[in-house]
Protein chains: 2
Amino acid sequence: MANNVRLPLFASAAEAVPSPTAQTVTPSMREGSHVTEAVAPGQAQGAATARDDERDDAMMQVGDLAREAGKTVRAIHLYEELQLLRPAARSKGRYRLYGREALVRIRWIGKLQDMGFSLTDIQTIVRDWEESSSAPRTMVKMRELYAKKLEETQAHLRKMQMLEHDLRASLDYLDTCEVCDPARLLTACTSCDLHDCQSHVPDLIAGFRAN
Amino acid sequence: MANNVRLPLFASAAEAVPSPTAQTVTPSMREGSHVTEAVAPGQAQGAATARDDERDDAMMQVGDLAREAGKTVRAIHLYEELQLLRPAARSKGRYRLYGREALVRIRWIGKLQDMGFSLTDIQTIVRDWEESSSAPRTMVKMRELYAKKLEETQAHLRKMQMLEHDLRASLDYLDTCEVCDPARLLTACTSCDLHDCQSHVPDLIAGFRAN
DNA sequence: GGTAACCCTTACCCTAACGTAAGGGTTTGA
DNA sequence: TCAAACCCTTACGTTAGGGTAAGGGTTACC
């Protein structure tokens, strides 16, 4: 489970506000379609199949899911290819159909990615889960994973906080420059004495001319 | 300057503890070598050329610099190719030679990367700096850049803190699993009532079975 | 029954930041 | 004067997470 990789920072597209161009965003498919329910292997079978069509669990097709999850259809296809996500069913014409848990799943994937798990890492997690032969043992395993990730996350937070501090220091430093004569060149900066903490120029400033 | 890209999280190799296999880490090159000083264009020329060989500013070659900066030689070559870093001089045999400012520069690059700037972004920054015709105007420009990045960084921090929270919640939740009977299967979890906050299973847990 | 808006599968494309290898000089210490 | 340890340039390889396009069905609605 490869660590030491650059992590996501400004990526995940939150919730994706439904674009105003799609006024008639119908759930695309009426309830009465012929549908082949994909019974999850090894799961309780005849549980609750027919009696749950009260709310908004009308089965989405992939485009709807993508919109709601703030992902692209391609991404969802990819997750499926990697066995991270399975459509709950297929329509007569082989359209993928999803229930609301798919949203939970996709958000879960997104959060894991944001924490720095690669899709390959997530594949491993999913496989481990599916091959589980003992609930508590699997849970403890997952706990360890999360515990480790928590530490990494905290380390990352500390690092980012230092960067935040560096940025603030630089902004402070640069504030002074506004009173400088626009005719001056950068070469004059070395002998500038306008800045408060003369002694140590912030790293993010020093880097500019260290070449 | 492309925003919305996944940011580095656990990447940069800090300071790279000099590996114990390299006991004889000599600065590799005696002082008296024939060296062509690369006079930075447009910089003060006959400033301090001969009278600064007291300390440890003996000119490093690329391997030394790499070690001290915790980067690979390849990375340094790349930075040079992208015009982000220039060797202070070359030896007679065309070896790159660097002073200590190169370290400042590399660390600067690293911090910018960690904040989410791509090398291409940094290229732009460097170009802007080098083409500057007014110190304060350039400084203000850089300030704006940093100000924007500070906001992004803060947003990222908030996000990561939420993830940290999610992780903690999951760890709490999973604590309970240790008292479970190892013979139980995951399918039994749906009817488990051992967890404290029964009502909402944490996202990072719910995701496991939402498939 | 026609058509716009979706969806399906397959498959090649793309970028960033290096990694790695090849073929050949350079330095330095024994 | 020789070898180990560096370094140089050039250039192709790699990985992750999708993007995009092609060719061809499906659905829903009029």
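A phosphate oxygen of DNA strand D sits 3.4 Å from an N or O atom in the side chain of Arg90(B). This is a polar contact, meaning a pair of N or O atoms within 3.5 Å. The model is predicted: local features need pLDDT of at least 70, side-chain atom pairs count only at pLDDT 80 or more, and totals for chains, interfaces and linings use all residues. Residues are numbered from 1 along each chain as its sequence is written, chains are lettered from A in the order in which they are written, and side-chain values use heavy atoms, without hydrogens and water.

An N or O atom of its side chain is 3.2 Å from a phosphate oxygen of DNA strand D. Tyr95(A) meets a base instead. One of its polar side-chain atoms lies 2.5 Å from a base nitrogen of DNA strand D.

Now take the whole surface. In total, 24 residues surround DNA strand D, each with a heavy atom within 4 Å of it. Among the closest are Gly93(A), Gln61(B) and Arg96(B).

Next, the two protein chains. A rotation of 180 degrees with 0.0 Å of shift along its axis superposes chain A on chain B, with RMSD 0.1 Å. In chain A, Leu7(A) has the C-alpha nearest the axis, 2.4 Å from it.

Note on methods. A polar contact is a pair of N or O atoms within 3.5 Å; within protein, one must be able to donate a hydrogen and the other to accept it, and residues adjacent in sequence count only if both atoms are side-chain atoms. Copies are superposed by least squares on the C-alpha atoms of residues with pLDDT of at least 70 in both.
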